[in-house]
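Take a moment to turn the model around on your screen before reading on. We will walk through a few of its side chains together and see what sits beside what.

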Amino acid sequence: MTLRRILPAVLACCAVLTACTSHSADGTSGGAPPTSAAATGTPSATASGPAGGDTAGPSEPTGTGTGTGTAAASPAAPAPKRCRTSDLKASLGPNHPGAGQENFALVLTNRSPRTCSLYGFPGVAFVDGAGDAVTPDPERATDQPQQRVTLAPGADAWSALSYTDPAITGVTTVTPQALLVTPPDETTSLSVPWTGGKVSNTGKASVPRVSPLRPGSGA
């Protein structure tokens with residue numbers, strides 16, 4: 001074979017070898033740039049912090065910081081001590097009748113030099129001159145809310161005493177001499193003259209009912 005026929009074949013082989021060796025050892029094309037995190041959308045290890053290279057500061061404990069945190073509540077002032085029988089004076093307000101009902105106010109006045117409080121129902125008993133009960137105990141209006149009543153010196157609390165006129169219900173009656181009024185949580189009573197006339201002594205109808213104590217005199 002002559003040199004003119006061999007030379008073109010050799011040049012063709014060299015071209016093939018050159019194309020093969022232009023790829024990198026990892027199989028990617030030698031001319032293509034390496035794949036970057038930005039190109040693939042996958043964040044790099046150094047991209048988790050905020051821009052500028054600053055790192056996030058420690059978080060503020062919930063409810064203990066300033067601003068929108070919850071401030072510690074101030075301790076509540078202690079409630080005044082309860083009124084003892086010796087701190088109080090009892091009285092009976094005038095009758096305010098209406099719709100066949102007799103309505104009186106049992107009033108407890110703080111006669112002591114200190115502030116005290118009352119909560120709940122007074123004990124009430126209709127008695128004769130010897131101090132003996134002449135009627136069943138009045139009922140309590142448990143459907144009405146109770147509240148703590150704070151009494152400054154000279155202030156009043158009152159309980160509503162009401163019952164249907166015994167003349168309407170036709171029950172037998174008695175005329176008490178006095179009311180014994182016992183402040184809540186106390187065992188010693190205060191005597192108040194009874195001026196309301198006849199009351200039922202059967203416990204079947206016209207039974208007196210007392211409300212929880214509330215502020216004021218009930219006037």
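Predicted model: local features only at pLDDT ≥ 70, side-chain atom pairs only at ≥ 80, totals over all residues.

Phe-104, Phe-126, Tyr-163 and Trp-194 form one aromatic cluster.

How are the rings of Phe-104 and Trp-194 arranged? Their centres lie 5.0 Å apart and their planes meet at 55°, so this pair is tilted. The two residues come from distant parts of the chain, 90 residues apart. Phe-104 belongs to strand 2 (residues 101-110), whereas Trp-194 is in the loop between strand 10 (190-193) and strand 11 (199-200). Are Phe-104 and Trp-194 buried or exposed? Both Phe-104 and Trp-194 are buried.

Trp-194 also forms an aromatic pair with Phe-126, and that pair is edge-to-face, with 90° between the planes and 5.1 Å from centre to centre. Here, too, distant parts of the chain are linked: Phe-126 is in strand 4 (residues 123-127), 68 residues from Trp-194 in its loop between strand 10 and strand 11. Phe-126 is buried as well.

Another ring to find is that of Trp-158. Arg-214 lies over its face, at 4.9 Å from the ring centre.

Next, look for the cysteines. A disulfide is a covalent bond between the sulfur atoms of two cysteines. How many disulfides are there in this model? The count comes to one, and it is formed by Cys-83 and Cys-116, with their sulfur atoms 2.0 Å apart. The torsion about the S-S bond of Cys-83 and Cys-116 is about 90°, so the disulfide is right-handed. The pair links distant parts of the chain, since Cys-83 and Cys-116 are 33 residues apart. You will find Cys-83 in the loop between helix 2 (37-40) and strand 1 (88-92), and Cys-116 in strand 3 (residues 116-119). Both cysteines are buried.

Ser-112 is found in the loop between strand 2 and strand 3. Why does Ser-112 count as buried? Its relative accessibility is 9%, and the cut-off for buried is under 20%, so Ser-112 falls on the buried side. Leaving aside neighbours within four places in sequence, Ser-112 is in contact with Asp-87 and Pro-153.

Thr-172 is in the loop between helix 3 (166-169) and strand 8 (173-174). With a relative accessible area of 49%, Thr-172 is partly exposed. Which residues does Thr-172 touch, not counting residues up to four places away in sequence? They are Val-199, Ser-200, Asn-201 and Thr-202. Thr-172 and Gly-203 are 31 residues apart in sequence, and their C-alpha atoms are 9.9 Å apart in space.

| Side chain | Partner | Distance |
|---|---|---|
| Ser-112 | side chain of Asn-110 | 2.7 Å |
| Thr-172 | side chain of Asn-201 | 2.7 Å |

How values were computed:
Residues numbered from 1 in each chain as written. Heavy atoms only, no water. Disulfide = S-S within 2.5 Å. Helix = DSSP H or I, 4+ residues; strand = E, 2+ residues; numbered from the N terminus. Buried < 20%, exposed > 50% of the residue type's maximum accessible area, 1.4 Å probe, protein only. Phe/Tyr/Trp six-rings, centres within 6.5 Å; stacked < 30°, edge-to-face > 60°. Lys NZ or Arg CZ within 6 Å of the ring centre and 35° of its normal. Polar contact = N/O pair within 3.5 Å; in protein donor to acceptor, adjacent residues only side chain to side chain. Contact = heavy atoms within 4.5 Å.
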